[in-house]
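Here are my notes on the model you sent over.

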Amino acid sequence: MPARHLTLRILSRLGTSLVVAWASVTAAFVALHALPGRIEDILAGDVDFPGLREAIAAEWGLDRSLPAQYADFLLRLAHGDFGTSYVLRRPVIEVVGSQLRPTVELAFAAGLLAVLLAGGLALATAGRGRLAHGLASSLELVAASTPVFWLGILLLMAFSFSLRWFPVAGAKSWNALVLPAIALALPTAGLLAQVLREAMEKTLDQPFVTTVRARGVGETAIRIRHVLRHALLPAVTLGGWLIGGLLGGAVITEKVFGRPGLGTVTLGAVLTHDVPVVLAVVLLAALIHVAASTLLDILYLLIDPRLRTT
Amino acid sequence: MTDRHEPLVDIRGLSVAFPAQGDEPVVQGADLTIHPGECVALVGESGSGKSVTARSLLGLTGDGARIEAAQFRIRGRDARTFREADWRRLRGNLTGLVMQDALVSLDPLRTIGQEVGEVLTEHRLVSGGAALTERVHATLAKVGMPRPAERARQFAHQLSGGLRQRALIAAAIAAEPDLIIADEPTTALDPGIQDQVLAVLADRVREGAGLLLISHDLALVARIAHRVIVMRAGRIVDAGSTQEVLEQPRHPYTRQLLAAIPSAASRGSRLASARISAGQGSSTIEREPSPPRAAVEPRPVLEVSDIAKHYAHRAAAGQTGTFTALEGVSFTVRAGEVLGIIGASGSGKSTCAKIVLGLLEPDAGEVRLLGELWTRIPEPRRRPLRRRLQYIPQDPLSSFDPRYRVADIIAENLPDTGARGRRARVLALLNQVGLSGGVIDRHPRALSGGQRQRVAIARALAAEPALIVCDEPVSALDIGIQAQILDLLADLQGRLSTAMLFISHDWGVVQHLADRVLVFQDGRIVDQGSVADVFGSAIVNTVPGRLSAA
């Protein structure tokens, strides 16, 4: 029965995700067409002669009404055709696909690092006396409130320019990933540690912890085996937000560290009104968001058996 | 194993203090000896230091506790020299702890099997997964758990209260400790289930384990304990064999506790001021009569006719079924009458109360309040009558807005008057429920349990209700406080002639207070009538021994 229940839940999540994807694409479409400036001008670039704009409009389908363009756009999306970039004149799939890897690498590395740092800090300091509490909460506050770009610049100055341990820019080797990942991970880790530690301290006050202690289980084992799992629930609630934060932060981090990636592509596309690219990025972000929240939803069920029965 | 004659625990002059929370020790000069095969009961009100004393046997008194003792021997070893590692070897392995309410005392995210097995893996008592599973199932079978293999895969919230508590005991005794500490192990369980759980513990004692039973329920400990220790305000005030302490009580405090237990014999008299006077061989309880009550009028305040409530639920096999919470329930509460509702948890008492309070619509039948239709009407039509129906909950604290002061809590229920008139009215109400005006600007969390319940009563009275629904109003209170609140309710009821619907799982309380009783079982009324009719002429006095009412 739990398996059937789970399948049903995932199916309904996927249904919702379609709606979310549609809504976000539509919002992006409307927003981009509401922006000042005409798309024909962008496509024309520096070239100008009479009839050019009309020809471009006819070629790109811009002479039709907005609803017709919208319907055509949705139809093409449904067939997996994201169109061609106005500016780069290359298929959007190719443009976004080539830049996806470095960004995902960065976000994933930073996410993993943030989870490890936050988990380690919470395990080491939750319910271990006033000194540990004070130390941990100041660390978390500093980390959570440090801007990514500033941290990135500091790291670059110390470890790239002065010590020359890591490359200044690029994404060619693994060690180019170290500093950006740290810069991106620390603020997230700070926030996550705050939530985890507070939840762990609350859990440590629960009567069952006394029962576990009375079995002769040591303090660290209690935290790993019992308390951490309880503390994961509020952390998972934060998870969707954190994934969004990591992707958003990745854009800034890429800029600071001169890394290729979606950040550069998105920024360029927005500034040049490159509608197909922006729409593809929006769709990708919506997809990631939906996938993440579906995953987190299932994670809830795995963590807390009490949620499975209702 | 230890020698049969050597005590498991031998403590002299134990003092426990928490310097961070004030200098006054919470336990002072306590002596405690427990032998193998012996059940020692530690009784007293909450805050008397009984739990702290028990936890000190496990080295679990908490951070910052300062423990001093002239002698502190556990199985012949001086526990004063124990370090954390010594305590950990002892916990679970040699000493098991059973706490109250398994729903929160077992890790809710882990299966029963994992919880029971943890002590075994932690102390490396079994090797291999198969051996562990076998041992877990055997332990569950030992505490009387039906279908242990199936239960081991379930979680605490999937078991009934009684089975859950058995699982908690199983987790404590899996390593076969020779000392079991049971801290209120049956509180919050229904009487029948209490007996079963107690029997499981008594079995361990018969097999040679020592049992330290902590309870505030004197009748309960009388059934199983060999010796009783009575604590009050951190000190042991009375100790001896169960017979000496409970059947021929010598100490005034023990006598006061025993005399305050409500029962059929205490009907119509005050509990808090009752005293036991010891004669030769037998003791009698002397009680003051309560103020006289007005006669019950024939005019009905509440008419419940044939109400039913069903819930759809997913059965274990995967198909959905309906669960009957309430079926064919009819009764009437007349003006000035106290109607008791008694039943085990899950018997439909609370569902019935919710329907009466207009918080839940019945699937069938109707309720009339003061002659007017009360069910299946839109809330705006109900609102004018709501004032006439008030509610006193079991846990008043959670029913108060935590940001409200006592004055706001009570004033919210007052009819509209000026600000000055309100304050005077609140003061009068506080006075009526025996609280001084000094509490008026306090927050409820700064009040004691008894004071909070008094505030809840004052809040109910503020609306000048025709009917008060009391849902287990004294279940969470210590016996002394319970006596005071029951006296207060009886006094107020006598003076104001307010009708009451009094819900409880404690037969003694209902016998003490109610005029008529409804007995609920599986959502139906299985018995009703006057207290004497329902409980029969051979009323079992809940006071142990040969006490008789004067």
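1. Start with B:Val338: its bridge partner in strand 21 of chain B is B:Met500. Strand 16 (residues 338–343) and strand 21 (residues 499–504) of chain B run parallel and are joined by five bridges. Strands here are DSSP runs of E, at least two residues long, and helices are runs of H or I, at least four, both numbered from the N terminus; two strands pair if DSSP finds at least two bridges between them.

2. Keep in mind that this is a predicted model: local features need pLDDT of at least 70 and side-chain atom pairs pLDDT 80 or more, while totals for chains, interfaces and linings use all residues. Residues are numbered from 1 along each chain as its sequence is written, with chains lettered from A and ligands numbered from 1 in the order written.

3. Now the whole sheet. Six strands of chain B make an open, mixed sheet in the order 19-20-21-16-22-23. Strand 19 (389–392) and strand 23 (524–530) of chain B sit at the edges, each pairing on one side only.

4. What packs on this sheet? Helix 12 (residues 349–356) of chain B does, touching strands 16, 20 (467–471), 21 and 22 (516–521) of chain B. Contact means C-beta atoms, placed from the backbone, within 7 Å.

5. Over to the chain A side: 22 residues of chain B are in contact with 20 residues of chain A. Helix 2 (84–90), helix 3 (102–105) and helix 4 (112–122) of chain B each supply at least two residues of the side touching chain A, and helix 4 of chain B gives the most, with three.

Methods: Contact = placed C-beta atoms within 7 Å. Axes fitted to C-alpha atoms, helices over the stretch in contact; angles between N-to-C directions.
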